[in-house]
Amino acid sequence: MTVTLADVAARAQVSPATVSRVLNGNYPVAASTRERVLRAVDDLDYVLNGPASSLAAATSDLVGILVNDIADPFFGIMAAAIQSEIGGPGGRAGGERLGVVCNTGGSPERELTYLTLLQRQRAAAVVLTGGAVEDAPHAAAVAAKLRKLGDAGTQVVLCGRPPAPDAPEAIALTFDNRGGGQQLTEHLIGLGHRRLGYIAGPEERTTTRHRLEGHRAALAAHDIEDDPRRTVHGRYDRRAGYEATLELLRRDPSLTAVVAANDTVALGACAALREAGLRIPDDVSVAGFDDLPFSIDAVPALTTVRLPLSEAGARAGRIAMGREEPPPGGIATVRGELMVRGSTGVPRV
């Protein structure tokens, strides 16, 4: 049964005109009233009518691209590749579609808000990039939103994110973060390293857990103790890498290698090591993950795992637009490639 404006008004105990004012934002409304109306909208899952040009169609010309941090090249590269594929036949405005990048800032609440807004605008497609938040209530809420988007005719694609079992409508192009993490640590162990520090990302992110699991699998395969003192969690940024490396050195000055959650974190690790008077890789090897554009220009160039971010984003865009068939079963694993460069070497004796 379709939820109407009157239903929202009844739930919020206000007039339909007040609901309209809140949703259109064209008239001042008391903060408490606004909050009550928005809560009713969410409770009833009310979908606001979009522009008149989209009312006759199941979806509009809008394509939403959700990213964690648009300033992070990891997300910027994928978003640009997705957007490059969303034009062409299918839209009503000269065949073009409007790509809107939604920057969540890593906030689960913002992620849900954007999904709700895109549902109200009858988006033609929604692409969610990067890892998911490991929180059961949030995962359930996201899955519910994705199901409703799919039921309304929106194509949903997950790019670099694990499949959503409770939202089978969503096509998943998932990165093999475990395999990449294991491959990276195997490379360091093969060089002779046994005392490895690990800088992990935020604990609540699937990407963090999967890369760390790969690292630990490599340690276990070679009977190397997984000393908890040698793992530090932080954000996916340079400052976190710098601070985490100083902490690792404080805990264990004998470390011969530092494995970073991503390339940006690895740059911070390199800065901390140099500040401590340690040479890379003569004293301590450093490895990153993702192979972001600056990685090869670092001094020394970073050993890392190359994820095909642009290729995966472009494929997600084509699937979202119906110009490429989804993978069998709706899930494809995108594997990384180990890039061995100057930042890793044989450990000092």
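A: Happy to. This is a predicted model, and the structure holds zero disulfides.

Q: Is C159 buried or exposed?
A: C159 is buried, because its relative accessible area is 0% and the cut-off for buried is under 20%. C270 also counts as buried, at 4% relative accessibility.

Q: OK, let me step back. What does the whole chain look like?
A: Its secondary structure comes to twelve helices and twelve strands. The C-alpha trace spans about 75 × 45 × 30 Å along its principal axes.

Q: How much of the chain counts as buried?
A: Of the 349 residues, 51% count as buried.

Q: And what share of the contacts join residues at least 24 apart?
A: That share is 75%, taken among contacts between residues at least 6 apart in sequence.

Q: What else does L188 touch?
A: Not counting residues up to four places away in sequence, L188 touches H193, L196, A257, V259, S285, A287 and T344. L188 is buried, with a relative accessible area of 0%.

Q: Nice. I also clicked on T245; which helix is that in?
A: T245 lies in helix α10, which covers residues 238–251. T245 is buried, since its relative accessible area is 1% and buried means under 20%.

Q: Which backbone oxygen lies 2.7 Å from a polar atom of the T245 side chain?
A: That is the backbone oxygen of G241.

Q: And which residues is T245 in contact with, leaving aside its neighbours within four places in sequence?
A: T245 is in contact with I199, V258, A269, A272 and L273.

Q: Switching to pockets: how much space lies in the largest one?
A: About 510 Å³. Its lining has 29 residues, and the closest to the centre are N68, D69, D72, F75 and Y236.

Q: Which elements supply at least two residues of that lining?
A: They are β1 (62–67), α5 (73–84) and α9 (206–221). The largest share, three residues, comes from α5. By class, the lining of the largest pocket divides into eight nonpolar, eleven polar and ten charged residues.

Q: And the second largest pocket?
A: The second largest pocket holds about 450 Å³ of space. Of the 18 residues that line it, L38, D42, T113, T116 and R120 lie nearest its centre. The elements giving two or more residues to this lining are α2 (16–24), α3 (31–44), α6 (108–120) and α7 (136–151).

Q: Which of those gives the most?
A: α6 does, with six residues. The lining of the second largest pocket has eight nonpolar, three polar and seven charged residues.

Q: How many cavities of 30 Å³ or more are there?
A: There are three. The largest cavity has a volume of about 60 Å³, and among the residues lining it are R194, H215, E225, D226 and R230. In that lining, five residues are charged, three are nonpolar and one is polar.

Q: Which residues have a positive phi although they are not glycine?
A: Q13 is one of them, with phi about 60°, and D223 has a positive phi of about 55°. Q13 is in the loop between α1 (5–12) and α2, while D223 is in the loop between α9 and β7 (231–233).

Q: Is Q13 buried or exposed, and what about D223?
A: Q13 counts as exposed, at 70% relative accessibility. D223 counts as exposed too, at 73%.

How values were computed. Residues numbered from 1 in each chain as written. Predicted model: local features only at pLDDT ≥ 70, side-chain atom pairs only at ≥ 80, totals over all residues. Heavy atoms only, no water. 1 Å grid on protein atoms, 1.4 Å probe; cavity = no way out; pocket = protein on both sides within 12 Å on 5 of 7 lines; lining within 4 Å. Points joined across faces, edges and corners; volume = space filled by probe spheres on them. Nonpolar A, V, L, I, M, F, W, Y, C, P; charged D, E, K, R; others polar. Helix = DSSP H or I, 4+ residues; strand = E, 2+ residues; numbered from the N terminus. Buried < 20%, exposed > 50% of the residue type's maximum accessible area, 1.4 Å probe, protein only. Polar contact = N/O pair within 3.5 Å; in protein donor to acceptor, adjacent residues only side chain to side chain. Contact = heavy atoms within 4.5 Å. Disulfide = S-S within 2.5 Å.
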